[in-house]
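Dear colleague,

Please find below the structure that I am handing over to you. My notes on its aromatic rings and nonpolar cores follow it.

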Amino acid sequence: MATTLDNLDQLAASQFEGYLVRKDLVRKYSRQYPVPTYVVEFMLGRYCASVVEEEINEGLTIVERQLKDRTVRTGEEELFKARAREKGSVKLIDIVRARLDAKNDCFVAELPSLALKDVRIDDDLVKNHERMLTDGFYAEVTLSYDASIALERGGRPFAIDSLRAIQLSKADAINVLIKARRQFTADEWKRLLLRSIGFEPDAFTERGKWVTLLRMVPFVESNYNMVELGPRGTGKSHLYQQISPYAHLISGGKATVAKMFVNNASGQRGLVCQYDVVCFDEISGVSFDQKDGVNILKGYMESGEFSRGKESIRASGGIVMVGNFDVDIEQQQRVGHLLSPLPVEMRDDTAFMDRLHAYLPGWDFPKLNPNDHFTDHFGLVSDFLSECWNQLRVGSRVTALQGRVNFGGALSGRDLTAVNKTISGLIKLLYPDPEMPIPDEELEDLIKVALECRRRVKEQQKKCLKTEFRNTHFSYTMGEDGVEKFVSTPELHSEDKIDADPLPPGQVWCISPGSSEAGPSLYRIEVTTGPGSGVKILNHPVPAPFRESVRYAEQNLYARAKELVGDRDPRSHEFSIQLRAMDNDRTGASLGLPVLVALCSGLVERSTKGGLIIAGALNLGGSVEPLSNAVTIVELAVEKGADTILMPVSARKQLFDLSDDMATKINVQFYSETQDAFFKGLIE
């Protein structure tokens with residue numbers, strides 16, 4: 001059962017001695033015994049945290065014996081009780097819950113696997129482990145039996161003499177992590193994180209890896225609220241149920257206000273006070289026992305506080321909602337919005353949506369196949385990793401953005417808060433050492449992911465209330481002189497579709513008026529600029545009509561550079577142009593003006609407006625050629641999904657023949673000459 005160590009295994013072994021475990025062993029034993037993965041890893045981490053095969057085998061013997069002797073399988077309850085009576089005590093691994101017995105002024109514990117609900121427990125044990133008063137936690141328990149008490153009327157013969165929580169409590173865990181992280185590249189560290197929760201990174205797409213990393217953010221960022229909807233079988237709840245004792249999973253059903261927040265009768269704090277992450281599984285079936293339950297949750301998600309009775313209580317537990325999305329994404333966007341699987345009280349409440357810091361695209365994560373997606377390599381022991389995550393929750397890493405990034409005007413205050421929290425969480429995961437420098441390209445990746453996940457929330461708000469959430473064009477700029485870049489959500493954006501997002505600098509949508517053989521056709525022109533000189537067309541072979549359009553645009557740019565691009569010198573730049581034909585005609589005829597706009601846009605590093613199509617031909621002297629079929633061009637623009645078309649003013653009279661229906665579907669703007677067209681095509 002030996003595993004061949006790869007480079008990442010060897011690097012991890014050199015930096016995390018005693019904190020690694022082979023993940024295929026975890027899967028083997030977690031399936032055999034009725035306990036979560038992190039309990040099995042706790043045992044394996046204690047006895048098998050080695051890459052030496054002999055030491056692993058010795059440790060496995062101990063782990064197998066302890067799991068066999070201390071876990072209670074269905075039907076073995078009475079056997080364990082009998083052993084406790086016969087020997088005086090027995091050791092077992094079980095969830096420990098406790099409650100106050102007010103009649104007798106004492107605490108009693110519950111051990112579910114033995115069906116015992118009235119086990120004596122010392123007050124100090126309860127005080128030191130308050131989580132047993134909410135929904136309990138896994139622990140190694142020494143359970144004793146007192147025959148003399150059993151003879152008393154109403155006696156409670158069973159007692160918990162001692163317990164050891166299944167979690168790591170070493171204060172220096174984070175220091176070990178920080179020191180070791182310095183020896184890994186960013187990619188190696190991402191791969192190790194994925195292996196540490198049981199996945200093999202090579203089996204996932206880049207977007208699948210990002211979804212996995214985003215699932216970890218609530219563990220390191222306080223009061224982080226997230227939703228993930230996607231197909232069944234993608235492991236959405238796995239991380240919150242199996243990996244960390246600091247997370248609690250609520251399966252679909254009723255959630256009580258007392259259990260979630262505070263029990264007014266006893267004063268006992270609820271799950272959000274006791275856990276780092278509270279996850280609602282099968283969110284569509286969740287409901288609260290009180291009418292104001294959702295409002296209390298909404299208020300807590302906003303401020304991290306809730307008020308029950310006289311006092312206001314602060315907590316840091318994040319709220320995660322996961323659920324199944326059984327319909328096609330495109331179809332759902334046509335008939336509703338992507339938060340429809342939420343309960344009725346939440347699904348159309350834009351104020352509730354605003355509290356969500358991120359919406360993860362669960363449809364980008366594959367259905368898990370044990371043969372492909374689970375790793376047989378080494379990863380960090382879960383209890384060590386979860387303890388480090390818990391210690392990383394203190395503070396924020398938003399300072400890493402100062403002076404390096406500016407966000408666009410479309411982001412509201414809540415949007416900025418959400419994006420900053422996501423970026424902070426990802427930085428903590430990938431760069432746990434605050435002193436470690438973050439390269440610009442790595443930081444930019446985190447920014448794009450955070451903006452996309454928050455924009456997805458915003459788009460659903462827009463579906464519900466267009467008037468209030470009109471502008472969803474999220475953008476950012478790296479550095480003081482950087483180019484403003486726009487971030488879209490892939491399910492709304494397509495490279496071959498005209499959408500409302502501004503295009504990157506140097507790109508324009510345009511329509512060629514066509515010829516007698518072919519009607520108007522849609523094209524996308526993409527220009528990149530760099531040092532050098534001249535214009536290079538990347539299409540092979542280059543259609544002669546398009547070559548002519550580029551030549552006219554180039555000459556007009558050189559001749560009118562000052563009025564078009566100011567102090568930028570087009571002769572000291574090389575332009576690379578690619579023409580992408582979206583219809584049958586591929587000649588690229590009469591596109592001189594759109595090419596000129598693309599060249600100028602790339603040179604001044606300004607984006608062109610979203611949803612915009614440009615039409616117009618140039619001659620060598622710089623005059624705009626008239627269009628002979630303006631109505632047909634506008635009709636094609638409407639068909640392609642544009643909301644604005646930019647045309648020469650000479651076409652205005654032709655458009656009197658445009659039907660009323662077409663005239664209501666698109667905004668027609670006119671230009672008089674090249675400079676007017678260029679500035680009307682740029683975003684403001």
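A charge is taken to sit over a ring if NZ of Lys or CZ of Arg is within 6 Å of the ring centre and within 35 degrees of the ring normal. In this model, which is predicted, the charged end of Arg-571 sits over the ring of Tyr-558, at 4.2 Å from the ring centre. Another such case is Arg-83, whose charged end sits over the ring of Phe-80, 5.2 Å from its centre.

Rings also pair with one another. A pair of aromatic rings is described by the distance of the centres and the angle of the planes. With centres within 6.5 Å as the limit, the count comes to 19 aromatic pairs. One of them joins Phe-16 and Phe-184: the ring centres are 6.2 Å apart and the planes stand at 40°, so the pair is tilted. This pair links distant parts of the chain, 168 residues apart. Phe-16 lies in the loop between helix H1 (7-15) and strand S1 (20-22), while Phe-184 lies in the loop between helix H8 (173-181) and helix H9 (186-196). Phe-16 counts as buried because its relative accessibility is 1%, and Phe-184, with a relative accessible area of 4%, is buried as well.

A tilted pair is also formed by Phe-204 and Phe-365, with 5.1 Å from centre to centre and 35° between the planes. Here, too, distant parts of the chain are linked, 161 residues apart. Phe-204 is in the loop between H9 and helix H10 (206-220), and Phe-365 is in the loop between strand S15 (358-361) and strand S16 (378-380). Phe-204 has a relative accessible area of 7% and is therefore buried; Phe-365 is buried with 3%.

Turning to the nonpolar cores, the largest has 96 residues. Those with the most contacts inside this core are Phe-16, Leu-44, Tyr-240, Phe-384 and Trp-389. Helix H10 gives the most to the core, with 8 residues. Leaving aside residues up to four places away in sequence, Leu-44 touches Val-21, Leu-25, Val-26, Tyr-29, Ala-49, Leu-60 and Val-63. Another core, of 37 residues, lies apart from the largest one; among its members are Val-262, Leu-271, Val-286 and Ile-296.

With kind regards

Technical notes: Residues numbered from 1 in each chain as written. Predicted model: local features only at pLDDT ≥ 70, side-chain atom pairs only at ≥ 80, totals over all residues. Heavy atoms only, no water. Phe/Tyr/Trp six-rings, centres within 6.5 Å; stacked < 30°, edge-to-face > 60°. Helix = DSSP H or I, 4+ residues; strand = E, 2+ residues; numbered from the N terminus. Buried < 20%, exposed > 50% of the residue type's maximum accessible area, 1.4 Å probe, protein only. Core = buried A, V, L, I, M, F, W, Y, C linked by side-chain atoms within 4.5 Å. Contact = heavy atoms within 4.5 Å.
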